[in-house]
Amino acid sequence: MPELPEVETIVRKLRDGGETPALPGMRIQKASIRWPKHIGAPSVSSFRRRIRGRVISDVQRRGKFLVLPLDKGTLLIHLRMSGDLYLLPSELPRGPYEHTIFHIKPDWQLRFSDSRKFGRVYLLDNPDQILGQLGPEPLDPSFTVDQFAERLAHRRRALKPLLLDQAFIAGLGNIYTDEALHLAGIHPEIHSDTLTRSQVQDLLEGIRTALNEGLRHNGASIDWVYRGGNYQNQFRVYQRTGKPCIKCGTPIHRITLGQRGTHFCPTCQPERSS
DNA sequence: CACGAGACCTGTTCGC
DNA sequence: TGCGAACAGGTCTCGT
């Protein structure tokens with residue numbers, strides 16, 4: 001479930017609280033780790049030792065990473081394909097996929113559920129070591145069309161895989177990339193260095209529209225994994241293979257691009273302009 | 001540098 | 001009904 005809007009939704013819930021207490025200010029007593037590969041760094045034993053007693057000072061997001069600055073060090077959590085992160089009362093039984101659990105204060109637990117076990121947790125003195133490799137935040141107002149055009153022009157790749165590259169731009173995943181390209185009316189195989197200025201502008205607007213729509217609906221919940229958001233009911237192309245394009249009625253196509261299912265409207269997103 | 005294939009894992013859905 | 005194949009929101013590594 002984790003692209004930018006889903007991660008941001010989780011961040012806001014944990015940071016601000018509501019049904020559960022807000023996370024900032026809470027102290028981690030210890031971590032239970034039943035799937036050691038969840039810990040990307042440092043070693044599991046060192047992680048266990050260093051996480052004890054840390055106070056969470058904030059909950060933030062960078063790209064698809066949850067960023068939890070502590071009184072000493074920073075916790076980074078990446079949900080990858082099937083991860084979810086939530087606060088539950090300690091007395092509730094542990095779910096089958098809650099492989100990593102942070103014991104908080106007296107009776108709360110921050111649980112990292114991850115059926116596919118692709119997720120990763122890092123405890124770092126310098127989080128920039130990882131976050132520094134990420135591209136710009138698409139929703140950051142200081143990221144301009146000019147800058148985007150510049151980055152696109154310096155690459156020579158099909159747009160779809162390029163937009164999925166977190167070092168190129170951070171936070172987009174398979175859903176929002178397909179939705180953004182449809183909003184922009186651009187074919188996913190168009191190469192980044194051939195876009196016109198107006199297409200670059202359309203693309204950035206498409207990206208921002210898709211992400212903001214996702215945020216407004218608290219993210220997308222597909223299949224069995226993530227519950228909460230509603231954006232899946234607004235999809236224009238994603239997982240709508242064969243169904244009519246909501247703009248022109250043409251059946252949506254599905255191809256594989258960069259090993260990812262890619263959905264688009266062959267009419268609204270022509271392979272070559274003119 | 002770009003690209004494809006294979007890994008990493010588990011669960012659900014599809015096709016015969 | 002049963003069983004294997006295909007597919008899934010992500011990313012890394014290796015070979016060409």
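Which residues does Ile207 touch, not counting residues up to four places away in sequence? I found Pro138, Leu172 and Ala180. Contact here means C-beta atoms, placed from the backbone, within 7 Å.

The model is predicted; local features need pLDDT of at least 70, side-chain atom pairs count only at pLDDT 80 or more, and totals for chains, interfaces and linings use all residues. Residues are numbered from 1 along each chain as its sequence is written, and chains are lettered from A and ligands numbered from 1 in the order in which they are written.

Core. I looked up the largest nonpolar core and got 61 residues. Ile207 is among those with the most contacts inside it, as are Leu66, Ile77, Leu85, Tyr176, Ala180 and Leu203. Such a core is a set of buried Ala, Val, Leu, Ile, Met, Phe, Trp, Tyr and Cys residues joined through C-beta atoms within 7 Å. Buried means 20 or more other C-beta atoms within 10 Å of a residue's own, exposed means 12 or fewer, and partly exposed lies in between.

Sheet. I traced five strands in an open, mixed sheet, ordered E2-E9-E5-E4-E3. Strands are DSSP runs of at least two residues and helices (H or I) of at least four, numbered from the N terminus; two strands pair if DSSP finds at least two bridges between them. E2 (39–41) and E3 (60–62) are the edges, each pairing on one side only. The twist averages 30° from one strand to the next.

I then checked E9. Four of its five residues are buried. E5 (residues 74–78) runs antiparallel to E9 (residues 120–124), with five bridges. Leu76 stands opposite Tyr122, and Leu75 has Leu123 as its bridge partner. E2 runs parallel to E9 through two bridges, with Ile39 opposite Val121.

Helix H1. It lies across E3 and E4 (65–69), at about 160° to E3. Angles run from 0 to 180 degrees between N-to-C directions, and axes are lines fitted to C-alpha atoms, for helices over the stretch in contact. The axes of H1 (residues 4–16) and H7 (residues 197–216) come within 8 Å and cross at roughly 35°. Leu4, Pro5 and Glu8 in H1 meet Leu211, Gly214 and Leu215 in H7.

Asp16 is also in H1. Why do I call Asp16 exposed? Because 11 other C-beta atoms lie within 10 Å. Asp16 and Val59 are 43 residues apart in sequence, yet 8.9 Å apart in space, C-alpha to C-alpha.

Notes:
Contact = placed C-beta atoms within 7 Å.
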